[in-house]
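Subject: Handing over the structure, with notes

Dear colleague,

I am passing the structure on to you here, and my notes on what was found in it follow directly below. Please read them with the structure open beside you.

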Amino acid sequence: MSTTTIDGMSYLDNTGDDPRERARLIVGDNDFASITNTVCGVVERPKPPKIWWVIFAISSSLTLVLLAMIAYLVTNGIGVWGLQIPVGWGYAIVNFVFWVGIGHAGTLISAILFLLRQRWRTSINRFAEGMTIFAVICAGVFPGIHVGRIWFAYWLAPIPNQMSMWPNFRSPLLWDVFAVGTYATVSLLFWYMGMIPDLATLRDRAKTKVRWFFYGVLSLGWRSSNRHWHRFEMAYLLLAALATPLVLSVHSVVSFDFAVSIMPGWHTTIFPPYFVAGAIFSGFAMVVTLVIPTRKIFGLEEIITLRHLENMAKIMLATAMMVGLAYSTEFFMAWYSGNQYEAFTFMNRAFGPYAWAYWTMVTCNVLVPQLFWFKKLRTNIVALWIASVLINVGMWFERFVIVVSSLSRDYLPTSWGYYRPSIVDILTFLGSFGLFFTLFLLFVRFLPIVGMAEVKGVMPQAHLDRPGHRGHGDYHGDIAGTEVVS
Amino acid sequence: MNRESGPRYWRSLDELARTPEFQEAVQREFPDDEWDRLPPATRRQFLKVMGASMAFAGLTACRWPAEKIVPFAHRPDGRTPGVPERFATSMELGGAALGMVVTSYDGRPIKAEGNSLHPDSLGALTAIAQADILQLYDPERSRRLLYRESGQEFVKSWEDFTIFVGERCAHDGEGISVLAEASSSPAVSRLRDRFLAARPQARWYEYEPISRDNEREGTRLAFGKALRVHPHLEGARVVACLDADPLFDHPATLRLARETAGARSPESETRSRLYVGESTYSLTGARADHRLAVASGRVPSLLAQVAHLLAAAHSIELPDAAAGFAGIAGSPGDEREARFVEMLAADLAAHHGSGVILVGPRQAPAVHALAAVLNQALGNAGTTVTYTADPEPERPSHMAAITELAARIRADEVQNLVILGGNPVYNAPADLRFGELLEKVRYSFHLSLYEDETSKLSTWHLPAAHGLEAWGDGRAWDGTYTLRQPLIEPLYGGRTAIEVLALVLGEAPFSGHEIVRAVMRESAPAVDFEEFWRRALRDGVVQGSAWDAVEPIPDPSGLTVALDGMRILLEAGSPPNAQRPELVLVVDARVHDGRFANNGWLQELPDAITKITWDNALLVSPSTAREMGIADGEIVEVEANGASVELPACVVPGQARFSLTVALGYGRTAAGQVGNGVGADLYRMRTTGAPHQLSQPKVRPTGRRYRLAVTQDHFAIDTIGFNARNLRVADLVREATLDAYLADPEIIHHHDHHPPLISLWKDQVFEGEQWGMSIDLSSCIGCNACIVACQAENNIPVVGREQVLNQREMHWIRLDRYFKTDPSLAPDEVEDAEVVFQPMTCVQCENAPCEQVCPVAATQHTTDGLNAMVYNRCIGTRYCSNNCPFKVRRFNFFNYHKDLKDTTQMQFNPEVTVRSRGVMEKCTFCVQRIQAVRIAASNDNRPIADGEITPACAQTCPSQAIRFGNLNDPSSEVSRLREDPRSYATLAELNIRPRLHYLARLKNPAEGAPTSFGEGDAHGKESV
Amino acid sequence: MQSSESAREEAALYGYLIEFDKVDELLAAAAKVRDAGFTRWDAHTPFVIHGLDAAMGVKKTVLPYIVFLAGLTGAAAGILLQWFTNAFDYPFLISGKPLFSLPANIPVAFETTILFAAISALVGMFALNGLPQLFHPLFRNRSFKRATDDRFFISIEAADPLFDATTTRRLLESISDQPVEKIEEGE
């Protein structure tokens, strides 16, 4: 184990930027076994902490609310929502885009940071991927139920039918079906594959027959053979390489739903990058929101360290600036295009009936992240957490502003309107959070929330024990493993 | 019912109450019997009517073997079920019969259209006349005879009634009075004469809350005898409407609309110019070239000033007797008023013989007299306005009649009162307290469609037959003899006024059919009555039976009376102010006098100007609202003539200062589930003295808010929206003055600033028939007829106030109303504004934005260029609606047909899918009509002729503003209009290539008049 | 014949297993075994150790080519699907646009490409690794459990042509002072 200051507090602090001393990714007096113990401990402890039960009780009952609302919707019709003409899309679509956006952080961390050799990702990627899956599940709920005749929603898929009719592939909604579907599938594969070695660990530590069987089956008989590892790493690399363009494409396609239309405020070419930046932004915000309490509750501070949090804060700052740029670009284009409808739409956003939503969005998404310029705040866990929650709020409002304010006042003043959500809208939205947290809590309880194999791979002990190599944990151990031993 | 108590009171009906028929009747027609279920008998019966309509094919109906009704279009030799038939019939409203042609499917009348042979219809129909068919099927219509005695109800049969009324009225008529609705029916007047002859002591009264009696009395003053006034606008170069609304409230309004459209078109030489002085926006006012918002009480003075100027400045000779009018210049108002009067007087003088002055029915007879005199003096009589003798010259005015009746009841001179239709308890002048009087009458017999307010207080209620269920006759406004034939057996066993009258009279014939034939036989030429009758039935009218015009001679004595009348009016006519505002009670465009309150189509029809549905409101001008402390949408308490009413205020520009307007006909308490409690009842403060203008109402804002269900943004919105709207109007609704247009026909295209419209792909070539539509904004008067036509044709649901508040109304075609104001004004500075209408429906874009976004291809383009909506494929993503720049698509947020009663469903058009929940719907250019014609054409393989296909909206448009046809046929009307320099497409810059083009609106203001707001505002696009 | 009976007595033997607790020991050992020319042997580590592939002389896998082909198939399938459904089998006129145009079909084609490739990557990896294989003789060895925790192993299969019960054992003992364990073949 490399140099460690033993004074109680600061040994957890690995956020130093001193170029001579490469910061440690894993702090504390850890070896492979201790990592295994800490991570598996979360799953193997006989009872989850009280707080787990409390949150689980709340979120699972919210899930029931969601189901109730859906049942009510299906029996009565879309009219139970606040929708109308001109605002034909409201909460449902806003929530869809919101959740899909959150679903971006996971794959981003596991794929893009992986390709960029950002080894610090190892501590949080499993966690983030899990969150991705659950967010995408929540997102998937909405397009399904927002159609008028839910029982015919399957017509969206190109399956032969008695009408011998096919879906219309020119419609962005159909692109959505494919994009989100692919994204959900690939994220799931990616997540599961990365989990196999850790599942094997759990299998080998299993005390009870049930666990042994359960994890045994899930780990598919993984015997950590290096010949397997070789192909495993290759597959992982390929998946990462595939997931990277995919993650960028998904929110681009989602943004096409709006960009391809002719509605002022929707018909904008900057939407794809704008949406992707926003997605990453909100995704990281959600990771931070979740990870801060989790690491505290399950004592993972040594593995998910302050440095991880700080890095995420930096990414949020960067993406916040991109989003802010997008906001201002929209206004510039509206003015520069000389299109009166476009111009009006944006003036209307900022000063019309929905101004309150617009300024909430700007405050949360552009102003709040500016705090992260200061290291003190980046490394202040409480400030970080509050900020991340505010960013989630802001990103939801961003989608609300785009969807609702643009629709509410389009070309003909005679068809202008004002959209008010119904109570069903609101409860459905809250319910989706219930579903999200329920799934997340189950994940925390039953699956390894940190990729042990990967974390071990970035520990100093994982490398040739030679002078000069000490403490350069995150320097060596490239995946491709081409270094030949003499 | 309490059987025991029966005998004690009932001697004559004693045995009857025990007869099995009676028991059975009680069982069958028990009050809490399932309302919507038809009595099984009725179903059989209207199958019989199908039989009746087959009579010509030699089949014989089981009942009425002799009665034959004749399809309009062709003699049906062997009619095939499922093939619609069309019958000419008519509807009577306010003493004039309006001819119509009703389409009937297997004995179910489903849609009413105008009868082109009828002088007041010319093929068009008003919104109300079209919606009347829904009344026919209203499940809440009365379906039983009721007898009330000491608080108990007894269900009776027509036989009971016959016996009973026989006993009551078998003497010389002492104590018998009849209160009838205004009627033009020769049959009614014949029976009335017979009745009065047989019962010399009986009295006959006629009451109608809304009538043109003032005009009638005006002619009596001017010419010594009651005459009927007939304006003719096709040649009128200057039309002055003082509180008059010929485009809405005139019995011949459809003809006048047609004539106005013709006279205003740039092709016509007339170049009509329209001056309107009125207190609240009327349809005519919206069309005006010069409109003056002036208090209703100022209108006499306005006319007096005109008269004065004509005599003084333009040396127009008034007849000696009327010379006095020249003297009495009304007290001069503000300079707006003065200017208006000058221009009007000058124009009238300049167009001797081709101008016309029309005064509205709300103005006192004296004012009408003066107008008549001026029309004489200007040589307009005989050209732009003609007179015929009044059919009932001796009849007292309705107000006088009802007042006298009231007096006689109060004096206990009426023991038996037969009320044939009407609803006096609800709509008689409040000061008569008719409700209380009715209870003083020993026996009152009330015949009406519904168990309404009056029925509830009458001893006998008799269910009336609907106009489409019964035989009848009537006369058009110009006197043309008009027939009415039933299209269906009475659904609820109702009878008509003439049938009841025959019963009361107690002399055969009793069947309406016989009565009408008998009456007709008298007026018919001797030769072959059957042939004559058959043709009359087929045409619905007897051609050439209009009255002859008479040459009116001024009557000095009357004119002096009129003169004094004017003087009094002028003294009273000082402008109203915040302390003494004026309250004007107007007839409503939807529920009329209240009789259509239970009609969902009409209740949900947006008011032309305010766009309010399901309510009436107190209309106030912005400045008035400010100065009286009334907020828009605030509930105000109005108190006048001892009655106080609470209703919401609606702030509208174009309203005269301190002149408040409310529509009558709302606040019904016994209209039915649809109409009860909708709006506020203003009859409660309407008195015999002041039926139209209440001089000093107390108006108190309550501070409570109320959301009016408007289908369009209110004009006063946030500043950003307000400015944007002002910028866009000039682009969306193109407008030019006639002179400017004639000077440069391309003027309306100076708006086009968009780059050339090029697609990324090779453009589609459309071959064969390509349907297109053209709407002339110059002709459109905003009468809403097209909306009801569309609703009836396409089975469009009524969604109710709640859903309208949620902006979920379903009308496929709507009338966009824009207020054109001076763009420099802030929302709260606007006081007056011009109104322009733009009928907006699916424009069937060739590059339809809605199509590409539908994931399941539920909306596609047909080969003949329609933007088709495939209902059974739609899954309801609502994406198409979001991407529709016109927002003309409508979504079924709920299953709006779920709760429809069987009867109401009988109105459905079998050619059109009834859309279910979760499905998008929209205008299809009436594709079912296109297909019907196409099939017919291909059967006798010929090309489709131009004008052969008319969508419902185009068919009923009184001013023929909507034209439809094949764009690929260069000779078609619509292609010709597409070439018209006025033709433009809204939002063409989006390169969506609409198939619906508009013809720019032309105005014809006098020289030197201020040009309208937003005029030629070509650079709206550039500014932000 | 002698070899044949030796084969008979060792029929039940799966191979030898030897344990290490340091990465560099493992690497060194792996290199030795590699140089001894064994082919049917393996190293077992709780995580990826860079350099181990080289030390073992593992050949690069063919997985990338499988994935590439699958990707191409996906792209073709995506385009074909859209052409067949919208332009061939049930053509309909939409917004006056051509029945088939590439730009509108890119997004879906892209997604199918990724989908096919991703699935093939996972399935291909499993197939090449012979997974799932829920049972394996090595699992009988108690200490082997730590292969997923913090220990490193080398196993040499009896099925290896160079395998000889005694010489192989000696070789392994020379590499490390850890005890060499026999792994029984499952019956």
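In chain B, among the contacts (heavy atoms within 4.5 Å) with a separation of 6 or more, 75% are accounted for by residues 24 or more positions apart. The model is a predicted one, in which local features need pLDDT of at least 70 and side-chain atom pairs count only at pLDDT 80 or more, while totals for chains, interfaces and linings use all residues. Residues are numbered from 1 along each chain as its sequence is written, chains are lettered from A and ligands numbered from 1 in the order in which they are written, and side-chain values use heavy atoms, with hydrogens and water left out.

Chain B has 33 helices and 41 strands, where helices (H or I, at least four residues) and strands (E, at least two) are DSSP runs numbered from the N terminus. Of the 1024 residues in chain B, 64% are buried, a term that stands for under 20% relative accessible area, with exposed meaning over 50% and partly exposed in between (1.4 Å probe, protein chains only). Helix α18 of chain B, residues 497–505, is largely enclosed by the rest of the structure, because eight of its nine residues are buried; among them are Ile498(B), Glu499(B) and Val500(B). After α18(B) comes Gly506(B), which has a positive phi near 70°.

Chain C holds an open sheet of four strands in the order β2-β3-β1-β4, paired antiparallel; two strands count as paired if DSSP finds at least two bridges between them. The edges are taken by β2 (41–44) and β4 (181–184) of chain C, each with a single partner strand, so one side of each has no neighbour in the sheet. From one strand to the next the twist averages 25°.

Strand β3(C) is joined to β1(C) by six bridges, with Leu17(C) standing opposite Ser155(C), and to β2(C) by four bridges, with Ala43(C) opposite Ile154(C). All six residues of β3(C) are buried: Phe152(C), Ile154(C) and Ile156(C) point one way, and Phe153(C), Ser155(C) and Glu157(C) the other way. Helix α6 (residues 165–175) of chain C lies across β1, β3 and β4 of chain C and runs at about 5° to β1(C).

In chain A, helix α10 (residues 306–337) and helix α14 (residues 381–408) pack at an angle of about 30°, with their axes 12 Å apart; axes are lines fitted to C-alpha atoms, for helices over the stretch in contact, and angles run from 0 to 180 degrees between N-to-C directions. α10(A) is therefore roughly parallel to α14(A), since angles under 35 degrees count as roughly parallel, over 145 as roughly antiparallel, 65 to 115 as roughly perpendicular and the rest as oblique. The residues making this contact include Leu306(A) and Met316(A) of α10(A) and Ile391(A) and Glu398(A) of α14(A).

Helix α3 (residues 91–102) and helix α8 (residues 226–259) of chain A pack at about 160°, with their axes 10 Å apart, which means that α3(A) is roughly antiparallel to α8(A). Their contact involves residues including Phe96(A) of α3(A) and Phe258(A) of α8(A).

With best wishes
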